[in-house]
Amino acid sequence: MNPIYVTRPSMPPFEEYIEEIRELWQTKWISNSGAKHKSFRTRLSETLDAKNISLFSNGHMALEVAIGAFEFPQGGEVITTAYTFCSTTHCIVRNNLTPVFCDINENDLTINAEEIKRHITEKTVAIVATHVYGLVCNIKEIEKIARQYNLKVIYDAAHAFGVTVGGKGIANWGDACMFSCHATKVFNTVEGGITVFNDDTVYSKIESLINFGFNGPEVVRFIGPNARMNEFAAAMGLCNLRHFDEELAKRKRVADRYNERLSDIKGIRLLQAQPNVTQNHSYYIAFFDGYSKSRDEIQKELSQDNIFARKYFYPMITKLDCYRKYAHIQIPITKKASDTVLALPMYADLTVDDVDMICDIILR
């Protein structure tokens, strides 16, 4: 049997992509904000219901540059969570800021807004919160806290492309919001990142930061990286946008079948849809807590049948070697989630028969 991985990238018809990039052979303009880049940004503005969009070479650079654009004082504290991908924390630390880890909610695994206040000190400069698996943070409460304490809010929305709250695109909350367009994400440009800035003054310098800090052919105003999205990636984004709604429908079919098979099984907890929030079904997550077999045993049994589920996110950030100095922090809900979570295969082309086979192995 061919292997079934936890994710597989959605790709447009081969001929469609070839046609999209054909003009690149004519213009020879394949980087530095060419025609595809500009067209993609315009289309994204419509799709995401957002303005001030910047395109990056990858999601990590999108978030790292976004945080750096606010020019927080070195050593400033950023309230965040340990239930995220290491990139989120790396982006904070690489900007010479100090992560302060807050626990998460058990129901949606996002930052516990009720605990944020007790972590605020005179050094706190921002909240960096992750929308997890397409489930959204308590955006209204976070916004209220940020206004009260004069903090910036930056969302890691790597999993949340296409998600809306009350019909409004998720990028409309916070001072900045980052989406990842990595191949494993619900929407991809092969590799890439998007940042939406709701802070107009910060956005005005971001295009310079993306390109080494250049602000003209002979003027370098900022110390910036090379974080530009190339034309081939933008072209893939244009193609995949045309099929995005279709891909979401396919993912929903997969999620619905998993729900039919795994709901109400003792010892297996599934995530529930949030009211007034559109789902993008970016991942299918199950927690094995009190089930007849442990999470690790289930993962092993699946792998023996060439099915590769993933412990995502495990280990939690404070257990990673590079963040061991934070290992003493007590974040019990984060720990429990990390110790029991398993991301089951989820992608648009996964068949219902494949889902049934996966569920049969889990339930047998």
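A search of the whole structure, which is a predicted model, finds 1 cavity of 30 Å³ or more. A cavity is a set of points on a 1 Å grid over the protein atoms alone where a 1.4 Å probe fits but cannot get out, and lining residues have an atom within 4 Å of a point. The volume is the space filled by probe spheres set on the points, which are joined across faces, edges and corners. The largest cavity holds about 30 Å³ of space, and its lining consists of Ser10, Val186, Phe187, Asn188, Asn240, Phe244 and Glu247. Residues are numbered from 1 along each chain as its sequence is written; local features need pLDDT of at least 70, side-chain atom pairs count only at pLDDT 80 or more, and totals for chains, interfaces and linings use all residues. Side-chain values use heavy atoms, with hydrogens and water left out.

The largest pocket (an open set of points with protein on both sides within 12 Å along at least five of seven lines) contains about 400 Å³ of space. Its lining has 25 residues, and Phe85, Ser87, Ser180, Lys185 and Tyr312 lie nearest its centre. Two or more lining residues come from each of α3 (59–69), α4 (86–93) and β9 (176–180); helices (H or I, at least four residues) and strands (E, at least two) are DSSP runs, numbered from the N terminus. The largest contribution, 4 residues, is that of α4. Within α4, Ser87, Thr88, Thr89, Cys91 and Ile92 are buried, that is, under 20% relative accessible area with a 1.4 Å probe and protein chains only.

The structure holds 21 aromatic pairs, in which rings of Phe, Tyr and Trp (its six-membered ring) have centres within 6.5 Å; planes under 30 degrees apart count as stacked, over 60 as edge-to-face and the rest as tilted. The rings of Tyr133 and Phe313 are stacked, because their centres are 5.8 Å apart and their planes at 10°. These two residues are 180 residues apart in the chain. Tyr133 counts as buried at 5% relative accessibility, and Phe313 at 4%. Tyr283 and Tyr312 form a tilted pair, 5.2 Å centre to centre with 45° between the planes. Both Tyr283 and Tyr312 are buried.

Notes
Buried means under 20% relative accessible area, exposed over 50%, partly exposed in between (1.4 Å probe, protein chains only).
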